[in-house]
Structure formats: C-alpha cells, structure tokens
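Hi everyone, thanks for making time for this one.

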Amino acid sequence: MGIDAVAVLKIMALPAPKTEVGTSHFVQHAGDATLLHTMERYDAAAPDEHALTLRRILGDALDRHHDDRGILFFPDVYEPRGRTYSAIVREVGGGGVWAPIVTLDHVPRRITAAAAGSIEELVAEAMRVMGPDGRRLVEVAQLVYPSKVTTGGAPVDPLHETEYRKAVAPLEAAMGAQFVRELETRCDALLERHMAAQRAFFGID
C-alpha cells in the first residue's frame with residue numbers, strides 16, 4: 001500500500017469532494033482546518049503537481065484557502081493531533097512540502113523544464129499545439145502503449161492494437177504520424193530501462 005499525500009487546508013468543515021468514480025475523498029476536520037487525502041502517491045509527484053491535483057479535486061472551493069506560503073502537503077503516515085490549522089502546520093511542516101496555489105491551466109515544471117529526449121518534452125510540444133488536451137492525449141497514449149508491445153516476436157493481439165490506435169488517433173491527427181512514432185520510440189526506451197532494472201534486481205542475465 002502506497003503512502004499518499006494529504007493537503008492541509010485552512011478551510012473549516014470542507015465537505016468531502018467526490019472522486020471520478022463517485023466515491024468520496026477522505027477528509028478530517030480540526031477546528032479551522034481540513035485535511036484532505038488526495039489519493040495520490042506522496043513521492044510520485046512534485047509539489048506543484050500535488051497542487052494541480054488538489055485544484056482538480058476542489059475546483060473553485062480551493063480559493064477559500066488563504067496562506068501566503070501556499071499549501072502544505074504531508075505523507076499520510078503522519079497522524080497530526082493538532083486541533084487548529086496553525087497547530088497542524090507546526091506539527092507536520094518539517095515532514096511535508098509547501099506547494100504553490102495553482103490554476104487548472106498550470107503546466108508542471110516537470111514538463112516546462114523537460115530534458116531533451118524525454119517523453120515530457122513531447123508533452124510540452126503537444127501542449128503548445130493543443131493546450132491541456134495535449135498532455136492528456138500523450139499520457140493516455142503512453143499508458144495504453146505497453147498493452148500492444150510483445151516480446152519474442154509474438155504477434156500483437158488485434159484487440160490491443162485496435163484499442164491503442166483508437167486512443168492515439170486524436171494525437172496523430174493533431175501532431176502528425178512522425179510525432180506518434182517518436183513517442184513510441186521513447187516509450188520503448190522507457191520500457192527497456194524498466195525491464196533492465198527488473199532483470200538486474202532479480203539477477204537475470
């Protein structure tokens with residue numbers, strides 16, 4: 001079970017927001033504070049990406065939070081006992097991170113400062129052409145692509161190939177076939193690094 005990020009908000013009795021599947025995020029109330037469990041791995045994203053996730057969860061309701069330092073996120077292994085916003089911040093601040101308050105159109109620094117040859121570099125290129133949809137489409141293609149990759153020369157499952165082509169079609173229409181081929185090349189390299197790391201871990205030549 002992973003360690004998730006919890007946001008400390010200076011909002012009294014914030015109602016639990018719904019998730020995309022219709023359940024509710026877990027919230028805890030303490031005086032003038034609300035602790036919101038984001039359901040996002042704490043160590044899987046930079047602070048500004050945690051902030052973007054929170055904005056997507058809360059929308060305009062996040063604007064009720066006021067702290068010049070931004071938003072404090074901490075790993076859910078902590079169980080703060082403070083009963084006010086200030087007390088909780090003092091209690092968990094040393095083990096958490098401060099993030100800026102961002103809008104829905106925020107582009108994470110991981111993308112704006114992407115390394116040459118990375119998938120994030122392609123995300124940035126797609127966003128320059130398509131806006132936020134560019135990021136979503138590249139990330140969907142990256143997620144679906146491994147399902148159509150086979151090993152040992154085995155044929156690709158036609159169903160997986162169809163699903164992949166359906167997912168990548170809007171991206172190819174907007175960015176061109178060469179862009180998609182480059183994305184596939186970088187996905188292959190990423191998968192190979194992942195498999196090499198697993199082989200090394202298990203001592204497989």
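This is a predicted model: local features need pLDDT of at least 70, side-chain atom pairs count only at pLDDT 80 or more; totals for chains, interfaces and linings use all residues.

Let's start with strand 4 and strand 5, which are joined by three bridges and pair in the antiparallel sense.

How many strands does the open sheet have, and in what order? There are five, in the order 2-3-1-4-5, and the pairing is antiparallel. The edges are strand 2 and strand 5, each of which pairs on one side only. From one strand to the next, the twist averages 30 degrees.

Strand 1, residues 4-9, runs antiparallel to strand 3, residues 33-41, with five bridges between them. You can pick out Val 6 there, whose bridge partner in strand 3 is His 37. On to strand 2, residues 27-30, which is joined to strand 3 by four bridges, again antiparallel. Ala 30 has Ala 33 as its bridge partner in strand 3. Strand 2 and strand 3 make a hairpin with two residues between them. In that turn, Gly 31 has a positive phi of about 60 degrees.

Next, the helices. Helix 1, residues 47-58, lies across strand 1, strand 3, strand 4 and strand 5, and runs at about 110 degrees to strand 3. Helix 2 also packs on the sheet, touching strand 1, strand 2, strand 3, strand 4 and strand 5. The direction of helix 2 makes about 140 degrees with that of strand 1.

Is Arg 135 buried or exposed? Arg 135 sits in helix 5, residues 132-144, and it counts as buried because its relative accessibility is 10%, with the cut-off for buried being under 20%. Leaving aside neighbours within four places in sequence, its contacts include Glu 49, Leu 52, Arg 56 and Met 127.

Then there is Val 77, in the loop between strand 4 and helix 2. Val 77 has a relative accessible area of 54%, so it is exposed. Together with Ile 3 and Tyr 78, Val 77 forms a nonpolar patch on the surface, with about 270 Å² of accessible area between the three.

That's my tour, and I'm happy to take questions!

Key: Residues are numbered from 1 along each chain as its sequence is written. Side-chain values use heavy atoms; hydrogens and water are left out. Buried means under 20% relative accessible area, exposed over 50%, partly exposed in between (1.4 Å probe, protein chains only). Contact means heavy atoms within 4.5 Å. Two strands pair if DSSP finds at least two bridges between them. Patches are made of residues with over 30% relative accessible area and no salt bridge: like charges are joined within 9 Å, nonpolar side chains (Val, Leu, Ile, Met, Phe, Trp, Tyr) within 5 Å. Accessible areas come from the Shrake-Rupley method with a 1.4 Å probe; for residues, only the protein chains shown count as cover. A salt bridge is a side-chain nitrogen of Lys or Arg within 4 Å of a carboxyl oxygen of Asp or Glu. Axes are lines fitted to C-alpha atoms, for helices over the stretch in contact, and angles run from 0 to 180 degrees between N-to-C directions.
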